Amino acid sequence: MVYVLIIILAGSGASVGSVEFNTKDACQAAAKAIADSSRPFAGASALTVCVAKG
C-alpha cells in the first residue's frame with residue numbers, strides 16, 4: 001500500500017504539497033519531522049496528514 005503525506009498550511013486551507021511513501025511508518029516519521037521543525041511558513045504552521053492511497 002502507498003501512503004501519501006499531505007502538507008497543509010493552517011489558516012489558509014491550501015495544500016502546499018504531497019509526498020508518497022511505501023510504508024505507513026515512513027510517512028508518519030516524515031510528518032513528525034515536519035511537526036518537530038517548528039518552522040512556520042509566512043506565520044502559518046504546517047499541518048500534516050498521512051492517508052492510504054488506493
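Helices (H or I, at least four residues) and strands (E, at least two) are DSSP runs, numbered from the N terminus. Read along the sequence, this chain follows the pattern β-β-α-β, with one helix and three strands in it. The model is a predicted one, in which local features need pLDDT of at least 70 and side-chain atom pairs count only at pLDDT 80 or more, while totals for chains, interfaces and linings use all residues. Residues are numbered from 1 along each chain as its sequence is written, and side-chain values use heavy atoms, with hydrogens and water left out.

Of the 54 residues in the chain, 19% are buried, a word that stands for under 20% relative accessible area, with exposed meaning over 50% and partly exposed in between (1.4 Å probe, protein chains only).

Two salt bridges are counted, each a side-chain nitrogen of Lys or Arg within 4 Å of a carboxyl oxygen of Asp or Glu. In one of them, lysine 53 pairs with glutamate 20, with the closest N and O atoms 2.5 Å apart; because lysine 53 lies in strand S3 (residues 46-53) and glutamate 20 in strand S2 (residues 15-21), the pair ties together parts that are 33 residues apart in sequence. Lysine 32 and aspartate 36 also form a salt bridge (2.7 Å, N to O), and both lie in helix H1, four residues apart.
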